[in-house]
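Subject: A structure for you to explore

Hi there,

Here is the structure I promised to pass on to you. Please open it alongside this email and find each residue as you read.

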Amino acid sequence: MSFLPVFLWTDILIYFLLAVVAAGVLYVRKRPHLITPWKSVLKRRRGMISIMVLACYVLIGLSDSIHFRLALESDSKGTETHYATEVISLFDLAVTPLREQVEKTYSAPFAHQLYVKEMQTAEDGTLIYNYPRLEYGASHLDLPENKWADIKQTIIRATLMSVSILFLVFVIHSFGASRQKGGSVVTQASRILKGQSDYPWQTFYLMLFILVLIAANLIALSANYHVFGTDKVGQDVLYQALKSIRTGLVIGTITTLVMLPLAILLGIAAGYFRGWIDDVIQYVYTTLNSIPGVLLIAAAVLILQVYMNNNPEQFETIAERADMRLLFLCIILGVTSWTGLCRILRAETLKLREAEYVLASRALGASNFSILHKHILPNLMHLVMIAVVLDFSGLVLAEAVLSYVGVGVDPSMISWGNMINSARLEMARDPVVWWSLTAAFISMFILVLAANLFADVVRDAFDPRMQGAR
């Protein structure tokens with residue numbers, strides 16, 4: 001076998017969550033009262049834009065969650081197959097040039113030489129102190145002076161390819177619409193261009209063009225240049241920024257999986273049953289909030305680190321050690337971040353338990369479980385949906401902060417927090433090494449902005465109080 005599959009715990013949980021989402025989609029499709037709010041999300045421009053941006057991040061994250069170890073070449077036939085110790089993903093395989101084209105040290109974006117001077121031997125044998133050429137960046141050019149003309153031609157070719165892809169998608173869409181709704185392809189194409197549809201197709205195609213244009217240019221330019229430069233050890237910063245997407249998504253999603261059951265069960269129980277149950281739950285989350293979260297996370301990470309150091313035989317590769325630390329960090333973040341949503345659900349449940357339809361159900365002899373399942377929980381789901389998306393943004397930012405203070409993900413794992421943590425020491429250089437920090441900031445900013453826009457649209461669609469305001 002040419003590769004050995006590696007199943008990391010976070011990979012398993014990610015695809016379990018994907019299966020849950022797929023089951024949820026099938027469940028929602030059969031219920032008009034649930035599918036209507038989601039349709040309203042797609043019918044709004046902000047919803048369409050945010051979903052498309054988030055979909056790009058999710059695709060990269062999912063492709064980076066299929067891990068394996070490649071087989072090593074064997075000198076003799078019929079011997080046992082040995083596999084490399086390095087664990088790579090499907091994403092790593094797709095961007096092999098970015099991963100393997102490692103320079104000596106720092107280089108600026110689109111540079112053809114290193115960022116620092118070195119002693120070199122000239123053609124006449126004399127020693128000179130100058131910037132050496134990069135091994136991979138702009139190495140296809142005989143004359144570095146032609147670099148910007150080559151970049152311009154590459155951008156033009158990538159742009160033309162983007163336009164061609166967009167036109168092909170538009171033709172397929174128009175043909176499908178004509179088959180479904182009747183009429184000619186030209187008629188349906190005209191309706192799409194004029195915005196005569198329930199969905200904002202104009203926004204969709206504009207956003208699709210922007211995304212395809214960016215992707216095509218990054219792919220074309222990164223074949224011969226380091227688009228975002230290289231870091232201290234010469235690794236491509238664009239590769240690091242894309243590789244960090246999985247780490248951010250894992251922390252945002254798996255932490256939510258840990259947080260939601262605690263927040264929903266305890267929040268509803270405290271608000272509905274009241275009495276000593278409410279007192280105990282309030283005491284628990286008040287005590288938990290009184291302890292700084294960073295201290296709890298730091299203590300838990302240190303305990304895990306000691307355990308891994310004492311039991312190295314349980315972790316065959318560095319990737320498995322780093323993945324265990326990431327999973328443990330998600331669990332600790334989930335345990336320490338459920339209190340806010342729990343308070344909101346408790347307050348809303350206190351109000352709902354006195355509603356007339358709940359009192360009527362109780363008078364007719366309905367059990368507590370039936371009331372919670374049919375009346376309380378469905379009327380709280382809009383709060384849960386909004387909180388999940390908003391907390392996702394906060395958790396992505398939390399990873400950067402925790403890695404900055406040294407209690408985040410493993411240093412061997414690429415993440416935006418580790419990128420920022422390593423780049424902060426270079427801000428005092430002269431000239432400043434700014435591209436690592438900038439790449440991490442842009443990648444994280446786009447993800448958080450798209451998540452917040454999506455949360456805003458979801459709130460408008462699911463909050464009953466917003467229905468009349470739309």
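Below is what was found in it, sorted by topic.

First, some ground rules. This is a predicted model, in which local features need pLDDT of at least 70, side-chain atom pairs count only at pLDDT 80 or more, and totals for chains, interfaces and linings use all residues. Residues are numbered from 1 along each chain as its sequence is written, and side-chain values use heavy atoms, with hydrogens and water left out.

**Strands and sheets**

Helices (H or I, at least four residues) and strands (E, at least two) are DSSP runs, numbered from the N terminus. Two strands count as paired if DSSP finds at least two bridges between them.

Start with the open sheet of three strands, which has the order β1-β2-β3 and antiparallel pairing. Its edges are β1 (3-6) and β3 (88-89); each has a single partner strand, so one side of each is left without a neighbour in the sheet. Four bridges link β1 to β2 (residues 67-70), and V6 stands opposite H67 in β2. A handy thing to remember when you look at side chains: in a regular strand they alternate between the two faces of the sheet.

Next, look at β4 (residues 118-121) and β5 (residues 127-130), an antiparallel pair joined by four bridges. T121 faces L127 in β5.

**A nonpolar patch on the surface**

Which residues form the nonpolar patch? They are F3, Y15, L18, I66, L70, L90 and L93, with about 540 Å² of accessible area together. Patches are made of residues with over 30% relative accessible area and no salt bridge; like charges are joined within 9 Å, and nonpolar side chains (Val, Leu, Ile, Met, Phe, Trp, Tyr) within 5 Å. The areas come from the Shrake-Rupley method with a 1.4 Å probe, and for residues only the protein chains shown count as cover.

Helices α1 (9-29) and α4 (90-94) each supply at least two residues of this patch. L90 lies in α4 and is partly exposed, at 40% relative accessibility. (Buried means under 20% relative accessible area, exposed over 50%, and partly exposed in between, with a 1.4 Å probe and protein chains only.)

**Salt bridges**

How many salt bridges does the structure hold? There are ten, counting a side-chain nitrogen of Lys or Arg within 4 Å of a carboxyl oxygen of Asp or Glu.

One of them joins D278 and R346, whose closest N and O atoms are 2.7 Å apart. D278 lies in helix α10 (residues 275-290) and R346 in helix α13 (residues 339-352), so the pair ties together parts that are 68 residues apart in sequence. Both D278 and R346 are buried.

Another links K351 and E348 (3.3 Å, N to O). These two, K351 and E348, are three residues apart in helix α13, or about one helical turn. E348 is buried, at 16% relative accessibility.

**Cysteines**

A disulfide is a pair of cysteine sulfur atoms within 2.5 Å, and the count by this rule is zero. Is C330 buried or exposed? C330 is buried, with 0% relative accessibility, while C56 is partly exposed, at 31%.

Enjoy looking around!
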